[in-house]
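Please walk through this structure one part at a time. Keep the sequence and the 3D view open together.

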Amino acid sequence: MVAGRSLSQRRFASALRFDVWNYLGLAFLGFLTLYPFYYMVVASFSSGNALIAHQGLLLLPVDATLIAYERVASNPKIARGFLNSIYVVVAGVGINMAVTSLAAYALSRKHLVGRSFLLKFAVFTMVFDRGLIPLFLLVRNVGLYGSLWAVILTFAVNTYNLLIMVTFFRGVPESLEESAIVDGAGHMRILWSIFLPVSKAVVATLILFYAVGRWNGYFYAMIFLPNPDRWPVSLVLREIIISEQMNDYLGGVDVGDQGSVAETIKYATAVVTTLPILLLYPFLQRYFTKGVMLGSIKG
Amino acid sequence: MLQSGRMRRIANDRVLYLMLLPFFVYFVVFHYIPLFGNIIAFKRYSPARGIFESPWVGFSYFQQFFTSSYFWRVLRNTVVISLSTLIVGFPAPIILALMLNEVRSTAYKRIIQSVTYLPHFVSLVVVAGLIVQFSTIEGLFNDIVVALGGRRIPLLQEARLFVPIYVTSEVWQTVGWGSIIYLSALSTIDPNLYEAAVIDGAGRFRQLLAITLPSLLPTIVVLLILRTGRLLTVGHEKIILLYNPLIYETSDVITTFVYRKGLIDLNWSYSTAVGLLNSVVNGVIIVSMNALSRRVSETSLW
């Protein structure tokens with residue numbers, strides 16, 4: 001039978017078979033990526049006992065309830081966590097962008113004396129890690145221990161992001177700059193009204209990179225902030241989901257139901273923590289590929 | 001004359017140096033001072049006496065580490081975890097990019113890309129939290145184990161399962177994001193090459209071997225070299241969310257050991273010594289790999 005078919009027919013059949021498998025393989029991969037998040041959402045709307053009893057693929061909430069979200073919404077620790085996270089993101093990204101763009105502008109000036117030294121000065125810190133314990137002791141010695149500013153200031157510049165911006169600024173046409181100089185504009189003015197506006201894509205990319213890192217970060221908050229009142233929401237989530245320290249979150253729940261509710265509060269907290277990222281995701285999508293590509297260009 | 005011209009240029013650029021001031025202060029205070037602070041690895045540091053007053057002890061903390069049973073354990077775990085992640089995690093984004101490259105429907109391609117990039121943006125705490133939840137006795141992973149005819153066990157309490165769980169989750173998190181750079185390399189391949197191949201009668205698979213892979217090779221080589229530079233770098237942030245004393249035997253790496261010895265047990269100097277050793281070795285590997293990358297491709301990190 002097969003021998004009866006022409007070469008081009010066989011080739012067509014094999015190409016089709018390849019396409020079908022390729023599409024199916026990618027669909028399966030997509031499913032594997034998405035399902036844990038889907039599970040997290042569905043589980044957060046389920047009742048805990050039904051969830052524990054449930055076996056196999058979870059597609060819809062079992063014994064649907066909003067109790068986990070009621071607990072999350074009425075919990076002062078989680079609300080405070082959100083405020084702390086917003087504070088860290090707003091102040092932190094503000095500082096990140098200010099320091100990064102000021103430095104990137106200066107470092108993109110080709111005639112600047114010491115330019116290559118200063119770049120090496122920054123790159124060296126990528127090669128040679130400052131060390132966890134020395135950083136911790138420094139934060140304690142300068143009196144930042146316990147303050148959100150410890151987290152904000154210890155990551156004021158990401159060298160990789162800085163290099164992305166320097167590279168981009170170097171590509172800004174000199175003619176744009178020269179006309180501004182003729183008009184008597186100083187460096188600050190040129191950066192603010194020429195460089196930043198023409199680099200919107202890079203600025204957006206870096207804001208998003210910094211913001212996502214700030215929002216998701218938990219480790220340095222964990223070591224610098226002993227007082228739970230200062231915790232960002234990621235650290236509150238860690239307490240709930242990893243250390244299973246649930247007592248603060250179950251106030252008002254019947255003792256008999258606590259195990260059940262504890263189970264779904266974990267998922268609900270994970271959902272509300274991830275929500276801001278998901279809302280930003282369309283914007284992230286638009287810019288981040290560009291950021292990755294810019295990063296691959298030599299700084 | 002030359003010297004004064006240089007001075008004049010510096011004076012003219014004082015606004016630029018002012019703009020660099022926050023950057024400079026940040027790196028001095030939060031990077032170079034801690035780098036200097038590493039000298040406590042050679043001292044018996046106590047917070048009461050401070051860095052300068054604490055007595056010198058030479059290399060005794062390094063010696064203590066080399067002769068302890070922890071040395072081989074954390075070194076072995078670091079290498080095993082790093083190499084396994086490299087072996088499974090390095091080809092994965094290349095394969096994904098090649099698969100995506102064969103998709104002709106742009107809508108389908110874009111959907112799969114959006115979905116596979118997502119884990120890159122989700123907090124480690126959420127990712128680790130899901131792994132922990134799924135690995136419990138009643139968890140999703142155990143439901144799957146039972147469906148495949150196995151028995152329920154607390155998966156994260158089994159030392160032998162840590163590396164597979166860690167590596168799988170790493171690939172899950174990074175495969176989509178990692179494919180971006182290959183996809184962009186693929187998009188620069190000259191379409192005429194494929195047309196010529198079709199005329200010569202080459203099928204899809206033949207085109208993959210003869211055109212696509214060779215075009216991708218320079219990117220693959222450079223990324224592999226740069227990735228190798230991080231061979232002894234396994235971060236602590238994810239592992240400390242996943243491990244527990246029952247599985248330290250396979251999950252405790254250099255960085256988690258530094259964290260625990262320093263910030264939990266408060267062995268400041270000992271922990272700093274181990275961290276410094278790791279930084280030095282990593283620095284040397286990165287510099288050599290970067291030099292190698294520059295030799296083979298003229299591409300490098302700096």
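Six residues of domain 1 of chain B are in contact with five residues of domain 2 of chain B. Two residues are in contact if their C-beta atoms, placed from the backbone, lie within 7 Å. By class, the side of domain 1 of chain B that touches domain 2 of chain B has three nonpolar, one polar and two charged residues. Here Ala, Val, Leu, Ile, Met, Phe, Trp, Tyr, Cys and Pro count as nonpolar, Asp, Glu, Lys and Arg as charged, and the others, Gly among them, as polar. Domain 1 of chain B covers 2–53 and domain 2 covers 70–297. Such bounds come from an automatic or database domain assignment. The C-alpha centres of these two domains of chain B lie 35 Å apart.

This is a predicted model, in which local features need pLDDT of at least 70, side-chain atom pairs count only at pLDDT 80 or more, and totals for chains, interfaces and linings use all residues. Residues are numbered from 1 along each chain as its sequence is written, while chains are lettered from A and ligands numbered from 1 in the order in which they are written.

Turn to chain A. Its domain 1 spans 2–44, and its domain 2 spans 75–296. Their C-alpha centres lie 38 Å apart. Four residues of domain 1 of chain A are in contact with five residues of domain 2 of chain A. The domain 1 side of this contact in chain A has three nonpolar, one polar and no charged residues.

Now take chain B as a whole. Chain B has 16 helices and zero strands. Helices (H or I, at least four residues) and strands (E, at least two) are DSSP runs, numbered from the N terminus. The C-alpha atoms of chain B fill a box of roughly 75 × 75 × 30 Å, taken along the principal axes. Of the 302 residues in chain B, 33% are buried. A residue is buried if 20 or more other C-beta atoms lie within 10 Å of its own, exposed if 12 or fewer, and partly exposed in between, with C-beta atoms placed from the backbone.

One helix of chain B deserves a look. Helix α2 (residues 14–37) of chain B bends by about 40° at B:L20. That bend is the angle between axes fitted to the seven residues ending there and the seven starting there. A proline, B:P22, follows within four residues. The buried residues of α2(B) include B:L16, B:F23, B:F27 and B:H31. What do the buried residues of α2(B) pack against? They pack against α4, α5, α6, α7 and α10 of chain A, together with α3 of chain B.

The chains meet elsewhere too. In total, 72 residues of chain A are in contact with 68 residues of chain B. On the chain A side, α1(A) gives the most, with 13 residues. By class, that side has 45 nonpolar, 20 polar and seven charged residues.

Last come the cores. A nonpolar core is a set of buried Ala, Val, Leu, Ile, Met, Phe, Trp, Tyr and Cys residues joined through C-beta atoms within 7 Å. In the largest one, of 113 residues, A:A103, A:M165 and A:A221 touch the most other members. α4(A) gives the most to this core, with 11 residues. Apart from it lies another core of 12 residues, among them A:L29, B:L96, B:V175 and B:I181.
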